[in-house]
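Please look over the sequence and the structure below before reading on. The report starts with the protein as a whole and then turns to a pair of residues.

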Amino acid sequence: MGKRRIWNKRKNSGGSVTAHKCRCHCLGPLTFYGQAAGDRIHLSSDGLQAERRGDTFRGGVVFTSRPVRVRERIRVRVQKDDVFRWQGAMRVGFTSVPPSDRSLPLPEMAIPNLTNKRGHWAVPVPEYQCSAGSELVFWVSAGGSVYLESSNTRRKLLSGVDLSQPLWAMIDIYGQTRSIRLLGSEMKGLFYRRKSCPVSAPELPISPDRGCNLNANASTSGQADECISCLDTDMSADETCVVCMQRAVKSALPCGHKCLCYQCTSRVLLQFGTCPLCREDIRSLLTEWRGVSG
């Protein structure tokens, strides 16, 4: 059976559009959203590192650039800390409010400024888990609970997250935490492990016969190597909707992603108008549907 692939379009440092070609099992690139971040936040050019600058412990809220899935484990590393000046450390959580819909400036703290508002869930991470060099993994479970894993220990942080809407990860670079780096994400199954695209992977011009992460010593057989960075082992071709995580995908979006069931396609089109993976405008599909129905 042939393997399906999807395109992830991004702008390179020169501003031109390139494409990253992946199997449909790839979770898609995961970066910080650059258009809505705390006043004190400085983002790296690749969108993977966020640093709170200035003589303050707040103003460090950041969001992921795309919605994350239930059970998608987000990994971050603490790059810098300041244990002698402030108390408390980073906060992690989720929000159903799209970063693109937020008014600026953002509230200075996730807790309580955002968590007091509907559609926001966050919890402090203990200081001892946030020293420079520490790696943390957090995710929301199918039961709506937020879990944190660090140094081979796992604990439940909070419960009650509403899973009926798409969720973006939310991090507050607070207190002793000065800088963090987003290391990617993964979803574990019984027989496979799905991973986010490495943003630092070489980006190739659009071509119908090349993969997304070619080996430097590519085979001379004329066939491209698979995107091994996005998928560790063979998977079933069955795909579940990235929103409800229950029904099979049905609709191919204008951007090329096939990631939504029929029911969620209608809801995403009407409520957001953008692809949940790459954020490309997909409202043209709604126009086509209306034309057919008319």
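This is a predicted model: local features need pLDDT of at least 70, side-chain atom pairs count only at pLDDT 80 or more; totals for chains, interfaces and linings use all residues.

## The protein as a whole

The protein has 294 residues, and 51% of them count as buried. Its secondary structure consists of three helices and 14 strands. Among the contacts in the protein with a separation of 6 or more, 63% are accounted for by residues 24 or more positions apart.

## Gln35 and Arg102

Gln35 belongs to the loop between strand 2 (17–23) and strand 3 (41–43), while Arg102 is placed in the loop between strand 7 (91–95) and helix 1 (110–114).

Arg102, by contrast, is buried.

## The surroundings of Arg102

Arg102 has no salt bridge, and Asp101, the nearest side chain of opposite charge, is 8.4 Å away. The side chain of Arg102 does make a polar contact of 2.9 Å with the side chain of Thr95, and another polar contact, also given as 2.9 Å, joins the side chain of Arg102 to that of His120.

When neighbours within four places in sequence are left aside, Arg102 is in contact with Phe63, Thr95, Val97, Leu114 and His120.

Terms used: Residues are numbered from 1 along each chain as its sequence is written. Side-chain values use heavy atoms; hydrogens and water are left out. Helices (H or I, at least four residues) and strands (E, at least two) are DSSP runs, numbered from the N terminus. Buried means under 20% relative accessible area, exposed over 50%, partly exposed in between (1.4 Å probe, protein chains only). Lys and Arg count as positive and Asp and Glu as negative; His and the chain ends are not counted. A salt bridge is a side-chain nitrogen of Lys or Arg within 4 Å of a carboxyl oxygen of Asp or Glu. A polar contact is a pair of N or O atoms within 3.5 Å; within protein, one must be able to donate a hydrogen and the other to accept it, and residues adjacent in sequence count only if both atoms are side-chain atoms. Contact means heavy atoms within 4.5 Å.
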